[in-house]
Structures are given as C-alpha cells and as structure tokens.
Amino acid sequence: MSQATAMSSVSEMKAEFLVRLHQREPEALATVVQDHAKPLYRAARGLGFREEEAEDLVQDVFATFLERLDRFEGRSQVRTWLFGILHHKVMERRRDQYRDQQNDPIDEVFESRFDTHGNWMRPPQDLEQLLESQQIGEAIKHCLETLPTTQREVFVLREIEECETGEICKILGISITNLSVLIHRARNRLRECIEARGWRRAG
Amino acid sequence: MIRCKDVAKLVASDQLRSQRLMKRLEVRLHLWMCRYCSRWERQIRQLGSAARNLVGGTPLEQVGKPHDDLEAGVLRKLSKKSRGK
C-alpha cells in the first residue's frame with residue numbers, strides 16, 4: 001500500500017469514527033471512555049486531586065465532551081480535546097490560584113545561581129542519593145504541591161503524560177514561548193524544593 | 001562560548017531540540033565538560049522519571065483507585081445523559 005493510500009484510509013477511518021461519535025453511538029463513546037478515562041484520572045491525581053475528586057472530575061470531563069460533541073470537528077485529536085476540557089475544569093476549581101504571572105519569584109532564584117558572566121555561583125547540590133532512593137516519591141509528591149496550577153499542569157502533561165510540545169500548547173491554549181517559561185519555572189521550583197528537602201535531610 | 005546559565009535554561013525549558021545543530025553540539029560539548037551543568041541536566045531528567053514512577057509508572061490501583069469501575073461509572077452517567085437528550 002502506498003503512503004498516500006495508507007494516509008487516506010487512516011483519515012477515512014477517523015471520519016467514520018467521527019460520524020459515529022456525532023451520532024452518539026454507544027460503542028464509539030465507549031471506545032473514547034476506555035481509551036482516555038484512565039489517563040485523565042491519572043493526570044487529575046497528578047494535579048493533586050483526591051481520589052473521589054479526580055473521579056468526579058473525569059465524569060465531568062466526559063459529560064462536557066458529550067454536550068459539546070457537535071462542536072468537535074476532528075481537527076485535533078480526541079485526547080487533546082479531552083485534556084483541554086480537563087484543563088478548563090481544573091482552572092474553574094482552582095480559581096484561587098494565580099494565572100501566569102509576568103514575574104515569578106522562582107526566576108530570581110534561578111538568576112541568583114549565576115554570576116554576571118553566567119557561571120555557576122551556587123551550583124546544584126549533589127542529590128544523587130536522594131533522587132535514586134525510595135524517598136524521592138514522597139519528596140516529589142510534597143514538592144508538586146508547591147507548584148502553581150498551570151506550572152503543575154505543564155509538568156504533568158510533559159513528564160507524566162509525555163505529550164509533545166504542540167499538543168500541550170493546544171490543550172492549555174498557550175504559545176510555545178509561554179510553555180518554555182512555564183516548564184522552566186515548574187522544574188526549577190520542583191528542583192529547589194527537592195534540594196531544600198535533601199539539604200535538610202543531610203543536615 | 002556558551003555560558004552555564006544559558007545551558008541550564010535551555011535544558012530546563014525544553015528548548016534544546018529546537019536549536020540549530022551547531023548550538024546543540026555546543027551544548028552537548030559543554031555538558032560533557034561541565035560537571036555542574038551535567039549534574040543539572042541529569043537532575044532535571046530524574047525529576048521527570050521520578051514523577052512518572054510516582055503516578056504514571058504504577059498501576060492505577062496503587063495511585064489510589066481500589067476498584068476498576070471508573071470507565072463503567074462514566075459510561076453509566078453518559079448513557080443517562082444521552083437518553084435524557
């Protein structure tokens with residue numbers, strides 16, 4: 001089969017599935033639920049929602065998915081669309097959290113690690129033992145809590161769901177530049193938190 | 001010469017892949033020579049794998065869901081909603 005034929009049959013399959021979805025065919029809906037409920041639940045847990053909250057959130061995402069199904073034209077993947085809904089639900093529930101701030105104090109912490117020539121002034125501590133130990137799970141769990149919602153979302157989508165850059169931008173409705181800033185802040189904040197814990201443990 | 005600060009930033013902000021080949025080579029060479037930058041890069045990677053092990057790598061039951069009825073629950077709710085339409 002030529003590449004063009006293969007591609008057209010894939011898009012035909014997609015179009016056919018889309019029609020079945022729009023008709024709310026139970027089997028098509030079941031496929032979407034089977035494929036995406038667990039990853040959505042896992043992301044919700046990663047974002048700090050308790051078990052029942054996470055389950056409730058997933059139910060809510062699919063309910064909205066069904067409501068807005070007619071607007072889904074298949075231009076993005078079902079996964080992207082579903083995670084986009086999850087993102088909006090999370091933002092609704094976490095209204096107290098700040099949105100993207102122009103100035104985040106973590107940027108200054110990063111800057112303070114270097115001298116005016118860009119050389120390390122405060123190099124990263126050796127955390128090898130901690131990072132390879134069983135305790136790292138607990139440390140990460142604790143430190144994830146210190147992340148603002150959007151930074152945490154970016155980190156979860158990138159590292160846990162292993163989404164590509166373009167997909168994360170679509171899900172969160174942000175630019176690539178914004179994404180780079182957010183992932184940089186998220187990792188810095190996490191690393192600083194782990195380093196502080198590691199240091200306390202060593203002390 | 002690329003600075004440690006630039007390397008640390010490129011690594012943590014996922015921008016390495018979008019750089020030109022020469023820049024990527026320069027960063028690789030720097031990482032190979034600079035123990036602090038290579039430590040930084042390793043730690044950034046380890047943060048990701050530790051998070052995956054915490055949530056993604058373990059079976060969902062261990063993430064804190066005792067029953068495997070998540071999908072069934074969602075489908076029940078969806079079918080009610082569909083019928084109600």
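Which domains does the domain assignment of chain A give?

1. **Domains of chain A.** The assignment gives domain 1 (3-93) and domain 2 (105-202). Such bounds come from an automatic or database domain assignment. The C-alpha centres of domain 1 and domain 2 of chain A lie 28 Å apart. Their contact takes 13 residues from domain 1 of chain A and 12 residues from domain 2 of chain A. Two residues are in contact if their C-beta atoms, placed from the backbone, lie within 7 Å.

2. **Ground rules.** This is a predicted model, in which local features need pLDDT of at least 70, side-chain atom pairs count only at pLDDT 80 or more, and totals for chains, interfaces and linings use all residues. Residues are numbered from 1 along each chain as its sequence is written, while chains are lettered from A and ligands numbered from 1 in the order in which they are written. The predictor gives the complex an ipTM of 0.80 and a pTM of 0.81.

3. **The nonpolar core.** The largest nonpolar core has 62 residues. A nonpolar core is a set of buried Ala, Val, Leu, Ile, Met, Phe, Trp, Tyr and Cys residues joined through C-beta atoms within 7 Å. A residue is buried if 20 or more other C-beta atoms lie within 10 Å of its own, exposed if 12 or fewer, and partly exposed in between; C-beta atoms are placed from the backbone. Those with the most contacts inside this core are A:Leu40, A:Ala44, A:Val58, A:Val61 and A:Leu86. Helix α2 (residues 26-46) of chain A gives the largest share of the core, 8 residues. Helices (H or I, at least four residues) and strands (E, at least two) are DSSP runs, numbered from the N terminus. In soluble globular proteins, nonpolar side chains tend to be buried together.

4. Take A:Val61. Leaving aside neighbours within four places in sequence, A:Val61 is in contact with A:Leu40, A:Leu82, A:Ile85, A:Leu86 and A:Lys89.

5. **Layout of chain B.** Chain B has 5 helices and 0 strands. Of its 85 residues, 26% count as buried. Helix α1 (residues 4-12) of chain B is largely enclosed by the rest of the structure, because 7 of its 9 residues are buried. Among them are B:Cys4, B:Val7 and B:Leu10. Just after α1(B), B:Asp14 takes a positive phi of about 65 degrees.

6. **Where the chains meet.** How many residues of chain B are in contact with chain A? There are 38, and they are in contact with 43 residues of chain A. The largest share of the chain B side, 15 residues, comes from α3(B). By class, this side divides into 16 nonpolar, 11 polar and 11 charged residues. Here Ala, Val, Leu, Ile, Met, Phe, Trp, Tyr, Cys and Pro count as nonpolar, Asp, Glu, Lys and Arg as charged, and the others, Gly among them, as polar.

7. **A residue in α3(B).** B:Gln46 is found in helix α3 of chain B. B:Gln46 counts as partly exposed because it has 19 C-beta neighbours inside 10 Å.

8. **Confidence.** pLDDT is the predictor's confidence in each residue, from 0 to 100. Chain B has a mean pLDDT of 83, and 79% of its residues reach 70 or more. Among the elements of chain B, α1(B) has the highest mean pLDDT (97) and α4(B) the lowest (48). Over residues 57-61 of chain B, pLDDT stays under 50. Where pLDDT is low, the predicted coordinates should not be read in detail.
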